[in-house]
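Colleague: I would like to learn how to read this structure. Could you walk me through it?

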Amino acid sequence: MLISSNASEIADIIRQGGVVAYPTEAVWGLGCDPFNEQAVQQILTLKSRPMEKGLILITGHESQLTPWQYMLPAEQFARLIAKTERPTSWVVPDTQITPAWVRGQHPSVAIRLSQHEPVQALCHAYQGAIVSTSANPAGLEPAISKEKVIAYFSDKLDAIFDQPLGQASKPSQVLDLMTGQQFRA
């Protein structure tokens with residue numbers, strides 16, 4: 001397993017189908033190429049998470065959300081790319097862009113435009129959105145340190161992006177982009 005603070009090295013591993021751990025705004029996340037079914041399945045297996053639940057996508061720049069811009073009214077796209085006080089993942093209608101193995105049983109996908117610099121650097125180096133799910137097996141607390149990520153997954157990851165965790169007190173809230181309904185506080 002590679003442990004690196006170099007975003008380009010970690011992005012290369014994602015492009016090659018690898019699964020990586022990286023620091024988000026509040027907890028460590030597991031990520032991969034959302035269009036690589038085998039990599040997504042590996043994350044689901046590591047977490048003991050059923051595919052039906054779906055996964056979040058995270059990106060670091062609004063330009064990486066262009067595919068969804070064409071599917072959304074201007075007002076909703078503006079909400080998707082707006083900066084928020086608290087990390088917010090928006091549930092966006094989507095049956096054409098994101099693969100079913102990421103969406104799960106839903107006709108939508110949760111997407112977060114991160115303001116956390118390491119996430120921005122990683123998504124910039126990767127040149128797109130990546131999967132974002134908390135780095136923990138089902139039923140255990142999300143990892144808040146690189147050491148906890150290693151304790152949970154040891155040699156089952158391809159890389160760890162060795163950058164600082166953000167300052168948020170809890171993981172992103174999850175809201176419906178169209179209605180504002182809250183799915184996770």
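**Cysteines and overall shape**

Modeller: A search of the whole structure finds zero disulfides, a disulfide being a pair of cysteine sulfur atoms within 2.5 Å. This is a predicted model, where local features need pLDDT of at least 70, side-chain atom pairs count only at pLDDT 80 or more, and totals for chains, interfaces and linings use all residues. Residues are numbered from 1 along each chain as its sequence is written, and side-chain values use heavy atoms, with hydrogens and water left out.

Colleague: Is C32 buried or exposed?

Modeller: Buried means under 20% relative accessible area, exposed over 50%, and partly exposed in between, with a 1.4 Å probe and protein chains only. C32 has 0% relative accessibility, so C32 counts as buried. C123 is likewise buried, at 0%.

Colleague: What share of the 185 residues is buried?

Modeller: Buried residues account for 51% of them.

Colleague: How many helices and strands does the protein have?

Modeller: Helices (H or I, at least four residues) and strands (E, at least two) are DSSP runs, numbered from the N terminus. Here there are seven helices and ten strands.

Colleague: And how do I read contacts along the sequence?

Modeller: Contact means heavy atoms within 4.5 Å. Of the contacts in this protein between residues at least 6 apart in sequence, 68% join residues at least 24 apart.
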